[in-house]
Structure formats: structure tokens, C-alpha cells
Amino acid sequence: MHGTRTLVRSLGILAFSAVAVVGAVQTNDTSRKEWLQLFNGRDLSDWVIKFARHDLGENFNNTFRVEDGLLKVRYDKWTAFDREFGHIFYKQPFSYYLLAAEYRFVGEQVTGAGPSLAWAKRNNGLMLHSPDPKTMMKDQDFPISIEVQLLGGLSDGKPRPTANVCTPGTHIVMNGQLHTPHCTNSTSKTYDGDQWVRVEVLVHGDELVRHMIDGQTVLEYTRPQIGGGSASPTDPKVKVDGTPLTGGYIALQAETAPADFRKVELLNLEGCMDPKALNFKTYFVRSTPSACRY
């Protein structure tokens with residue numbers, strides 16, 4: 001009898017487990033967005049740092065750090081600034097995605113920046129479509145990339161929009177024409193003080209890039225490509241003008257302005273588009289058949 005009861009219990013457990021598995025499959029929500037937290041809130045283990053004039057991986061003066069659950073850019077250990085612009089890159093590249101960041105500017109510009117860097121006050125950026133940071137020259141100031149420029153107002157009553165576009169070593173197409181100015185303003189309002197701002201960027205390879213603030217489109221362009229200046233020195237084997245930028249690495253800046261990021265997240269828009277698959281999502285826009293699970 002004891003053996004019979006044990007067998008019945010075992011069969012019951014197996015049956016319950018099978019139902020649970022089937023239920024999990026059946027309740028898979030194909031429209032639920034699965035955001036990847038690029039910043040995990042704890043450390044910088046998923047990121048690699050590059051400062052101009054310093055080796056890849058050196059976090060010069062502990063500028064990038066995690067404190068109080070925030071990814072911070074700080075200049076409290078700097079006594080001077082000699083165009084040692086810094087960037088922190090997420091560990092893997094992306095091509096089709098929705099990127100979101102929640103940021104704020106705090107404190108004053110680094111000591112020693114000088115009048116020539118007045119443009120860098122309350123200035124950071126989301127660098128998109130960058131080549132592998134390993135390809136950057138030691139003295140290179142900015143990665144070849146498309147920059148979603150983040151600006152804070154200077155509380156002087158003058159407009160200073162955010163989510164602009166800048167093009168270090170790149171060009172874009174706007175209104176059907178090659179657009180070569182280095183920076184172009186968005187239509188966003190000005191955000192003075194230390195308030196949090198959420199910016200979102202929709203990226204479809206080199207087909208479309210759309211900047212959004214508070215859910216509203218403030219800038220849009222297409223066909224990002226390598227070209228132009230404002231990034232130097234660069235490796236000529238990497239900077240091949242006219243090369244389409246269909247994907248790449250994402251970075252945040254250290255550009256003389258103290259800033260905080262409380263969230264950096266990404267919704268990958270590439271994946272399995274077969275409705276029969278277990279990991280099908282309705283929001284994918286680019287198919288990756290090898291990602292499908294059945």
C-alpha cells in the first residue's frame with residue numbers, strides 16, 4: 001500500500017508539472033514588451049569605457065560610477081580638463097530597437113573646461129551605431145556614431161532643446177537630402193534645472209531614426225552613414241566615408257557635465273516573427289529565424 005501511495009503521488013506531481021508547462025506556454029503574451037535593462041542598477045559590468053588619450057577600459061578619475069542605484073558621470077576627482085572626452089559602451093551591438101534613457105544634469109561643469117567648451121555645459125549624449133570601441137584610436141575624441149544630443153537648459157530664459165542630433169564622423173539624410181551640418185536642433189522644449197527627462201529613440205537600422213520626448217516625435221532622419229569630421233583621429237580602415245550605418249554599439253558620454261542616468265533600457269525589435277514559435281512577439285519588425293524556439 002505504501003508503494004502504491006508513493007506511485008500515485010509521483011504520478012500526480014508529474015501531471016501537475018505537465019499542466020504547469022502547458023499553461024506557461026498557453027499564457028505566453030505575444031504583445032508583452034520585454035525590455036532589456038542595459039544599466040542593471042548595480043554596477044558597470046556590462047559596459048566598457050574609453051577616454052580620449054587613455055587606454056580602452058580605463059575609467060579615468062572614476063568618472064563613470066554607480067551610486068544610489070544611479071549611473072553617474074562625475075568630475076569631483078578632476079583638477080583640469082584637456083579634451084579627455086569619455087564614453088561608456090554597452091557590451092553588444094544592436095540594429096533595430098527602441099532605446100530609452102532617463103537622465104538629469106546635476107552640478108557644475110568640470111574645472112578647467114574654459115570658454116571654448118561652453119557648449120558642453122549640461123551636455124551628454126546617446127551615441128548610436130558606433131563601431132566596436134576596440135577600433136577607436138587612443139587619442140580619438142568621439143566615436144564615429146550618430147549622437148542623440150542631450151542638453152539641459154541653462155536657466156537663462158533662452159531655449160535649449162534636447163534630443164538633438166549630432167554627427168561625429170557621420171552624415172544623415174533629412175527631407176530626402178544628405179544633411180552635413182554637425183548638429184541640428186530638435187523641436188523639444190527646454191528642460192531647466194535638475195529634473196528627470198525621458199528620451200526615447202526608435203531605430204530601424206539605417207532606414208529610420210526617430211527621437212521622442214514625452215512620447216512626441218521631435219526629430220527624424222534616415223540613412224545614417226560614415227562621413228564628415230568632428231571625430232579625430234580615426235583609423236582610416238574604420239572611417240570609410242559613405243558606409244551605411246545599419247547597426248552598432250550604444251554609448252553614453254562624459255563630456256565635462258555631471259549627470260545621472262536612472263534608467264537605460266532597450267526593446268529589441270529583431271527576433272522570431274513566426275506566430276507558431278514560443279518566443280514570437282507582435283512588435284518585432286525584423287525577422288531573425290534562428291532565434292525561434294518551438
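This is a short chat about a predicted model of a protein.

Colleague: What should I know before reading the numbers?
Modeller: The model is predicted, with local features needing pLDDT of at least 70 and side-chain atom pairs counting only at pLDDT 80 or more, while totals for chains, interfaces and linings use all residues. Residues are numbered from 1 along each chain as its sequence is written, and side-chain values use heavy atoms, leaving out hydrogens and water.

Colleague: What box do the C-alpha atoms fill?
Modeller: Roughly 90 × 45 × 40 Å, taken along the principal axes.

Colleague: New topic. Where does Lys-281 lie?
Modeller: Lys-281 is in the loop between strand S18 (270–271) and strand S19 (286–287).

Colleague: Is Lys-281 buried or exposed?
Modeller: Buried, with a relative accessible area of 3%.

Colleague: What does Lys-281 touch?
Modeller: Leaving out residues up to four places away in sequence, Lys-281 touches Asn-28, Asp-29, Thr-30, Arg-32, Glu-34 and Cys-272. Contact here means heavy atoms within 4.5 Å.

Colleague: Now rings. How many aromatic pairs are there?
Modeller: The structure holds 14. One of them is Phe-51 with Trp-78, a tilted pair at 6.2 Å centre to centre and 45° between the planes. Rings of Phe, Tyr and Trp (its six-membered ring) pair if their centres lie within 6.5 Å; planes under 30 degrees apart are stacked, over 60 edge-to-face, and the rest tilted.

Colleague: Which parts does that pair tie together?
Modeller: Phe-51 is in strand S2 (residues 47–51) and Trp-78 is in the loop between strand S4 (70–73) and strand S5 (86–90), so the pair ties together parts that are 27 residues apart in sequence.

Colleague: What about Phe-60 and Trp-78?
Modeller: They form an edge-to-face pair, 5.0 Å centre to centre with 85° between the planes. Phe-60 is buried at 18% relative accessible area, and Trp-78 is buried at 5%.

Colleague: Which residues form the aromatic cluster?
Modeller: Phe-51, Phe-60, Phe-64, Tyr-75, Trp-78, Phe-81, Phe-85, Trp-119 and Phe-142 form one cluster.

Notes: Helices (H or I, at least four residues) and strands (E, at least two) are DSSP runs, numbered from the N terminus. Buried means under 20% relative accessible area, exposed over 50%, partly exposed in between (1.4 Å probe, protein chains only).
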